[in-house]
Amino acid sequence: MKLIKSAGLLKTVTHFSKCYEMLVKEFIVNLSQDCADGRTEDFHKVYVRRKCIDFSPTVINLYLGRDAEAQPELEVTDNEVCKVITGGKVKKWPIKSKLSASLLNVRYALLHKIGAANWVPTNHTSTIAVGLGRFIYAVGTKTKFDYGTYIFDQTMRHVGTSATKLPIAFPSLICGIILKQHPGILKAKDSVCKRESALSFHYKLLQRSDDMTSAGTSQPSKSVNKTFLIAELKETCKELDNRKMKLEQLIQSLE
């Protein structure tokens, strides 16, 4: 949490703004290439419900409470990122572009799980792509990084895409920016989205240490074991329920 706070990203992992699904979807649908084109009158503007929303890397950074000044590009190679986040176990980023999450050291394994839920939404948590790898590297090393531009670019990915299931990254942040500029934009039919349960981390992961030796290994208490076991079982049940529902839908469509 200290690393996330230092990066100015607390609002992306906790104390979220209320998120109104329809408002966020209308914002995404009304995004256009002009929003990223400095030659147009609609540069860094999105029109939603007859309101003009200022949306830019600077606006995002200010909303997060970060320094609005432009930050330099992350001048580090993918191989160097790979070496750092794996604690030196892997020297080169895999040719197939994705790295096994099991190779990450403790700091980056935790940041990866947080990132997969909040920064680069994905269900493929067993591997890590270059983009998220560079993101957690910047957080973990406290390297200067323009998170506002990153979030802006992630949002602009929706422009012109034909993908129907592309996850919307940072929906609460988008909603917070809209409501901060236009508090009266909500309609009677708007409802607050229900949130997913808090992330759970297996105690074995928390037991590991970047510098752990056999002499320094400590066993978690029974209460900690029980707490994390319950959390893991709940998460597994949820995954099984989702899988069951998908299988039932498949069976129904086939019938």
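The expected span of a helix is 1.5 Å times one less than its number of residues. In this predicted model, helix H5, which covers residues 106-118, can be held against that expectation: with 13 residues, H5 reaches 18 Å from its first C-alpha to its last, close to the 18 Å expected at 1.5 Å a residue. Along H5, the buried residues are Val106, Tyr108, Ala109, Leu111, His112, Ile114, Gly115, Ala116 and Asn118.

**The chain as a whole**

The chain has 255 residues, of which 36% count as buried. When contacts between residues at least 6 apart in sequence are considered, 66% of them join residues at least 24 apart.

**Helix H8 and its surroundings**

Helix H8, residues 171-181, is largely enclosed by the rest of the structure, because eight of its eleven residues are buried. These buried residues are Ser172, Leu173, Ile174, Cys175, Gly176, Ile177, Ile178 and Leu179, and they pack against helix H2 (21-29), strand S2 (51-54), helix H3 (57-64) and helix H7 (147-156).

**Two helix pairs**

Two packed helices are described by the angle between their axes and the distance between the axes. The table sets out these values for two pairs.

| Helix pair | Angle between axes | Distance between axes |
|---|---|---|
| H2 and H8 | roughly 90° | within 10 Å |
| H4 and H6 | about 60° | 10 Å |

For the pair of H2 and H8, whose axes cross at roughly 90°, the angle makes H2 roughly perpendicular to H8. On the side of H2 the contact is made by Leu23, Val24, Phe27 and Ile28, and on the side of H8 by Pro171, Ile174, Cys175, Ile178 and Leu179. Sorted by class, this contact of H2 with H8 has nine nonpolar residues, with no polar and no charged ones.

The second pair joins helix H4 (residues 78-85) and helix H6 (residues 130-141), and at their angle of about 60° the two are therefore oblique to each other. H4 passes H6 in a left-handed crossing. In this contact, Asp78, Val81, Val84 and Ile85 of H4 meet Val130, Gly133, Arg134, Tyr137 and Thr141 of H6, and the residues divide into five nonpolar, two polar and two charged.

**Residues in the loops**

Most residues other than glycine have a negative phi. Against that background, Arg49 has a positive phi, near 50°, although it is a residue other than glycine. Arg49 is found in the loop between strand S1 (45-48) and S2, and since buried means under 20% relative accessible area, Arg49 counts as buried with its value of 15%.

Phe170 also has a positive phi, of about 60°, and is likewise not a glycine. Phe170 lies in the loop between H7 and H8, where its relative accessibility of 5% makes it a buried residue.

A further loop position is Thr86, placed in the loop between H4 and strand S3 (98-100). Is Thr86 buried or exposed? At 1% relative accessibility, Thr86 counts as buried. Leaving aside its neighbours within four places in sequence, Thr86 is in contact with Leu99, Leu103, Leu104 and Asn105.

Notes:
Residues numbered from 1 in each chain as written. Predicted model: local features only at pLDDT ≥ 70, side-chain atom pairs only at ≥ 80, totals over all residues. Heavy atoms only, no water. Helix = DSSP H or I, 4+ residues; strand = E, 2+ residues; numbered from the N terminus. Buried < 20%, exposed > 50% of the residue type's maximum accessible area, 1.4 Å probe, protein only. Axes fitted to C-alpha atoms, helices over the stretch in contact; angles between N-to-C directions. Parallel < 35°, antiparallel > 145°, perpendicular 65-115°, else oblique. Left-handed = near helix turned anticlockwise from the far one by under 90°. Contact = heavy atoms within 4.5 Å. Nonpolar A, V, L, I, M, F, W, Y, C, P; charged D, E, K, R; others polar.
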